[in-house]
Amino acid sequence: MQDLNIKGQNFLVVRKAGHKGRGVFTSKEIKKGDIIEICPIIELSKKDHYMLIDNLLENYTFVWNTQKKSAAIVLGFGSLYNHSKSNNATYNKRIKENVMVFKATKNIAVNEEITIDYGDMHSDLS
């Protein structure tokens, strides 16, 4: 496997996010189009993913490879970004590299929560 040179971002902070529990916030301004974080993933087979049903960890998985019907646990802060229909970030799966890239879709102010739109999270795994 090629070295991806993934580095953690020191401006990301996990804090209480009201009724949502925890959330990821920024301690610096992020510009629209900036990469927020590149997160390695742990791929879960369909069988392994089904073992997580009714388990707290299932809430932190993403659809990964629809052809293989696999899911992923996203490391870094990736599995902690909360959902919002008014999201200020998006994510892109790089399946061959086993990473998920989070990118700002709007300018994000200091101390603002970074949110993504989950969409229909697991409909592709049925």
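Modeller: Let's start with Glu 113 and Lys 20, whose side chains meet in a salt bridge at 2.8 Å, N to O; the term stands for a side-chain nitrogen of Lys or Arg within 4 Å of a carboxyl oxygen of Asp or Glu. Glu 113 is in strand β9 (residues 113-116) and Lys 20 in the loop between β1 (12-16) and β2 (22-26), so this pair links distant parts of the chain, 93 residues apart. Strands (E, at least two residues) are DSSP runs, numbered from the N terminus. Glu 113 is buried at 13% relative accessible area, while Lys 20 is partly exposed at 34%; buried means under 20%, exposed over 50% and partly exposed in between, with a 1.4 Å probe and protein chains only.

This is a predicted model, where local features need pLDDT of at least 70, side-chain atom pairs count only at pLDDT 80 or more, and totals for chains, interfaces and linings use all residues. Residues are numbered from 1 along each chain as its sequence is written, and side-chain values use heavy atoms, with hydrogens and water left out.

Next, Glu 43 and Lys 68 form a salt bridge at 3.0 Å, N to O. Glu 43 belongs to strand β3 (residues 35-44) and Lys 68 to the loop between β4 (61-63) and β5 (71-74), so the pair ties together parts 25 residues apart in sequence. Here Glu 43 is partly exposed at 31%, and Lys 68 is exposed at 51%.

Then there's Arg 94 with Glu 97, their closest N and O atoms being 3.9 Å apart. Arg 94 is partly exposed at 31%, and so is Glu 97 at 33%. By this rule the count comes to five salt bridges.

Notes
Helices (H or I, at least four residues) and strands (E, at least two) are DSSP runs, numbered from the N terminus.
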